[in-house]
Amino acid sequence: MGWPPTRRQLEVVVGLAFLGLALVLIRESLLLGAGWGSTGPQPGLFPLISAVVMGLCGLGVCAQALNHGPDSPPFADPPELREVVRVAAPMVLAVVLVPCLGCYILTAL
């Protein structure tokens, strides 16, 4: 994958990420029990159905990205990506630091 990545490349990456997450959720749903018991649905049935739909959507995104014509232009220029990182980096840092600092201290920062 060259730099900057193209829209098609990022769509394939996102589709594969959805598919990977769906596979993990399917496995966990099956461990919970994803059938129909004597008292009704088992705890993993709804998450299993949701994960299957999410996996199918991830496959659809990949298929759609790969079936388009010639490769698309770059997703974003370096100045645009810098702006995204300026917004996203503090949010990611906050999520990582919440368990250590707590919500009150993190909000004050």
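**Notebook: overall form and selected residues**

I began with the radius of gyration, taken over C-alpha atoms: the protein chain has 20 Å, whereas a compact globule of 109 residues would have a value near 13 Å. The globule rule I applied is 2.2 Å times the number of residues to the power 0.38. I then looked up the box filled by the C-alpha atoms along the principal axes, which is roughly 60 × 50 × 15 Å.

I note that this is a predicted model, in which local features need pLDDT of at least 70 and side-chain atom pairs count only at pLDDT 80 or more, while totals for chains, interfaces and linings use all residues. Residues are numbered from 1 along each chain as its sequence is written, and side-chain values use heavy atoms, with hydrogens and water left out.

**Confidence**

I looked up pLDDT, the predictor's confidence in each residue on a scale from 0 to 100. The mean for the protein chain is 90, and 96% of its residues reach 70 or more. Confidence is highest in helix α2 (residues 45–67), at a mean of 95, and lowest in strand β1 (residues 36–37), at 86.

**Elements**

I took helices (H or I, at least four residues) and strands (E, at least two) as DSSP runs, numbered from the N terminus. The protein chain holds three helices and two strands, in the order α-β-β-α-α from the N terminus on.

**Surface, contacts and charge**

I computed accessible areas by the Shrake-Rupley method with a 1.4 Å probe; for residues, only the protein chains shown count as cover. The accessible surface of the protein chain is about 8100 Å², and carbon and sulfur atoms account for 74% of that surface. I call a residue buried under 20% relative accessible area, exposed over 50%, and partly exposed in between. By this division, 18% of the 109 residues are buried.

I counted a contact where heavy atoms lie within 4.5 Å. Of the contacts between residues at least 6 apart in sequence, 60% join residues at least 24 apart.

For charges, I counted Lys and Arg as positive and Asp and Glu as negative, leaving out His and the chain ends. I placed each charge at NZ of Lys, CZ of Arg, CG of Asp or CD of Glu. The mean positions of the 5 positive and 6 negative charges are 3 Å apart.

**Thr6 and Phe75**

I found Thr6 in the segment before α1 (7–32). Thr6 counts as buried because its relative accessibility is 11%. Beyond residues up to four places away in sequence, Thr6 touches Asp71, Ser72, Pro73, Pro74 and Phe75.

I next turned to Phe75, in the loop between α2 and α3 (78–108). Its relative accessibility of 44% makes Phe75 partly exposed. With neighbours within four places in sequence set aside, Phe75 contacts Pro5, Thr6, Arg7 and Leu10. I also checked Phe75 against Gln9: they are 66 residues apart in sequence, with 8.9 Å from C-alpha to C-alpha.

I located Ala22 in helix α1, where Ala22 is buried at a relative accessible area of 1%. From Ala22 to Phe75, 53 residues apart along the chain, I recorded a C-alpha separation of 25 Å.

I placed Ser29 in helix α1 as well. Ser29 is buried, with a relative accessible area of 2%, and beyond four places in sequence Ser29 contacts Ala34, Gly44, Pro47 and Leu48.

**Val87 in α3**

I ended with Val87, in helix α3. Val87 counts as exposed, since its relative accessibility is 54%.

Methods. Buried < 20%, exposed > 50% of the residue type's maximum accessible area, 1.4 Å probe, protein only.
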